[in-house]
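Open the structure in your viewer and follow along. Each stop tells you what to select and what is there.

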Amino acid sequence: MATVLDDINAGVWEDMEARKRLVSLADLKDLAAAAAPARDAWSALGGTAVQRDQLKVIAEIKRRSPSKGDLASIVDPAALAEQYADGGAAVISVLTEQRRFNGSLADLDAVRARVDVPLLRKDFTLDEYQIWEARAHGADLILLIVASLSDSQLREFSALSRELGMNVLVETHTEEEIERAVAAEARIIGVNVRNLKTLDVDRSVFASLAGLIPAEALVIAESGVRGVDDVTHYAANGANAILVGEALVSDATPRDRIAEFTAAGAAAIAARA
Ligand SMILES: O=C(O)c1ccccc1NCC(=O)[C@H](O)[C@H](O)COP(=O)(O)O
């Protein structure tokens, strides 16, 4: 039986085929060559050892989701990104998938034009076309979901992203997926506590899997942050960064929330040392 992720990916393919008819890969490559060089998301997320005493926040621009429906209208994604940057977000994630999340590459363009913070193009990457697209639209980091890709795709898409100067967030949800991410030499590994096949959110998944990620890699806790207790849980169990969507887009003062999460994370990391 098809999973939620299968259905999302089928729609992503269809939408991408439509975009390919409008913008050729050759044109995208020209646009990517003309774009400003990618920003260093690895360092922004604390890649250097000296910064690993902090918990970084990847703040997401997310209008709707398969699990929750409409979350926020976000008429001006660039204004929201500015608030995220002011609050101290290390990276801003822009969900560009259209059918289920109501995002777009236009959102990415608008945010890129307004903030200097490294940007994650958050989409369901299935083809190298999307990687060129990400770079052409100013992304610095892309997402590869292990559950959607073969080992050779993981390697090839990672290599292409690196050639274009971008970093890769490799997303996992199981022990086997972490093994595959490590085998693909991923340096930024996310554990999504949301099972993308069923949409169940189980925060304990992070604690059981984070320790399997090699110390050289950055560990990102994805999904399920609703308040400071969740932040503390992730930081205490080895997160270098958290990826937060719903809690920020539905908050009246996301700038303050990011600052609060950062402080709570630093306290939990200090306590674990
Ligand atoms: O959010 C969903 O319902 C969802 C469903 C299927 C595939 C992906 C989905 N979300 C993508 C994400 O990973 C989250 O947007 C991200 O981790 C932030 O999660 P949250 O803070 O819980 O909004």
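Select Gly-224 and the ligand. A polar backbone atom of Gly-224 is 3.1 Å from an oxygen atom of the ligand. That is a polar contact, meaning a pair of N or O atoms within 3.5 Å. This is a predicted model: local features need pLDDT of at least 70, side-chain atom pairs need 80 or more, and totals for chains, interfaces and linings use all residues. Residues are numbered from 1 along each chain, and side-chain values use heavy atoms, without hydrogens or water.

Next, pick Ser-223. One of its polar side-chain atoms lies 2.7 Å from a ligand oxygen. Move to Ser-67. Here a polar side-chain atom lies 2.5 Å from an oxygen of the ligand.

How much of the ligand's accessible area does the protein cover? It covers 99% of the 510 Å² that the ligand has on its own (Shrake-Rupley method, 1.4 Å probe).

Now show the 21 residues around the ligand (a heavy atom within 4 Å). Glu-60, Lys-62, Ser-67, Ser-223 and Gly-245 come nearest. By class, the shell has 8 nonpolar, 6 polar and 7 charged residues; Gly counts as polar.

Last stop: select Asp-15 and Arg-99. Their side chains meet in a salt bridge, 3.0 Å from N to O (Lys or Arg side-chain nitrogen within 4 Å of an Asp or Glu carboxyl oxygen). The structure holds 22 salt bridges.

Key:
Polar contact = N/O pair within 3.5 Å; in protein donor to acceptor, adjacent residues only side chain to side chain.
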